[in-house]
Amino acid sequence: MNTNALDSNKPVSGRPELRMKPSFITQILFFGILIAGIVFTAISLNNDVSDTGTSTTTWLPFLLLGVALLIALGFEFVNGFHDTANAVATVIYTHSLPANFAVVWSGVFNFLGVMASSGAVAFGIISLLPVELILQVGSAAGFAMVFSLLIAAIIWNLGTWFLGLPASSSHTLIGSIIGVGVANALMHGRDGTSGVDWSQASKVGYSLLFSPLIGFIAAALVLLALRTIVKNRELFREPKGNKPPPAWIRGILILTCTGVSFAHGSNDGQKGMGLIMLILVGTVPMAYALNRAMPVDQAVQFAAVAQVTQASLQNTAPGAAPAEPLETLSTYIRTKKATSELLPALAAVTGNIGEQVKGYGSLSKVPADAVANVRNDMYLTSEAIRLIDKNPAAVPLDADTRANLMAFKQEIDKATKFIPLWVKVAVAIALGLGTMVGWKRIVITVGERIGKTHLTYAQGASAETVAMLTIGAADLYGLPVSTTQVLSSGVAGTMAANRSGLQMATIRNLLMAWVLTLPMAMLLSGSIYWLFSQFI
């Protein structure tokens, strides 16, 4: 798609002004916030490492960490300007807000959305990665994994942005993760399907598959409901010149733009946070592998729950633990096949973790050289419990044992699944600033090229309301959905409901991007991972 050709045409009636440049003060604020974010990140990282009391013998891990952080934050920045159109296209094309003000407004609420996020999506994304790479994320293979999936996601996002296609950043990242998992399995002589947690991937896939359908149908129904309830026909006509809509519909459009921006930050920002935590755990485990801020009394409770859980497992499956209980858990997580050794191995590892935490007194006192191993033990245990809980028929347990297992998993997650404030701030700044640049290409596609007529006030309000509610609901359930797909399909739904007609060339391009994103991201990330593995 050639947006330049479109921009060169004479102004169309009702078409907003999109060629305004940001003021000098805006540019100063933009770069000032960018620099402040970099400085804050560097100071916070240095303080966290210094607080561990460990001495630095080599700067190589920190160099790799710096590169990985830049790439991860670069992904969030690209995600920001790639997805800005989803929030601002409707308020711009209905003249509810000027274009430049709208993108700054959206950037601010993307920032706030990231800061308010729960972290559930962040760690759900990580669970898609191959277990052996997560356990060795600080190794060469681990860095190859992280670099590959981030670079592949950035390449595809930039390519679709250049073509003006509202492709899904979530879809892209998940495809990149699956690609690395498949490539890793094939490179180790295993079936490619064994490199991915397909149950978790299918859960994510369903959310990405059905969210555009929900957007299309729900937005169409909302528009039809508005036509029945609201008698003001002006709301269902395209804007005249640059006249803004009536105050109440303008308020709804601005509110939904704000809600979509906030929900986008809350959902999409977590993907970057999860990857950054993975990078931090691999490069500076002494500071980030365990939650050093956990109070001492919680450590005591942790040890007590571990002891009770171990006793329950031993009563359920008496017998000696295998010689390598961690290997048993790792194999179970990778293959999803339970053996008679699973519960004795889980009991042994659970007891060992409890004894270590009890012996150290608190997580902050775990020695630097033991932190990575303790964290890996906890990760394997948590993932094994998660899989056991998902498939109760394969691993029968009585109610008390199952309850103890889930209580212990909660304790483990408190110790390992945490996000420092500075990580949230860094991702929030990257995503927020990203929304303020490069937005015009996709805004034009959403605003002008989906339907054959200009977007009406009611269509904009319907599409944005559905997008806001759908993304917000997905965030509550820890599901990564595509803001892009929900909003663009919502606009298409309103055009269909209004019998405005759809531009089938654009719809075909959107469908093609939707279909190709997953396999292309998989191919890109898998190829880059193989290439990196040959040289790292």
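Let's start with Leu221: at 52% relative accessibility it counts as exposed, because exposed means over 50% relative accessible area, buried under 20%, and partly exposed in between, using a 1.4 Å probe and protein chains only. Leu221 sits in helix α9, residues 198–229; helices here are DSSP runs of H or I, at least four residues, strands are runs of E, at least two, and both are numbered from the N terminus.

Quick caveat: this is a predicted model, where local features need pLDDT of at least 70 and side-chain atom pairs count only at 80 or more, while totals for chains, interfaces and linings use all residues. Residues are numbered from 1 along each chain as its sequence is written, and side-chain values use heavy atoms, leaving out hydrogens and water.

Okay, the whole chain. We have 21 helices and zero strands. The radius of gyration, taken over C-alpha atoms, is 25 Å, close to the 24 Å from the globule rule for 536 residues, so the chain is as compact as a globular protein of that length. That rule is 2.2 Å times the number of residues to the power 0.38. Buried residues make up 56% of the 536.

What about helix α14, residues 342–360? Its 19 residues should span 27 Å at 1.5 Å a residue, and the end C-alpha atoms are 27 Å apart, which agrees; the expected span is 1.5 Å times one less than the number of residues. After α14 comes Gly361, with a positive phi near 90 degrees.
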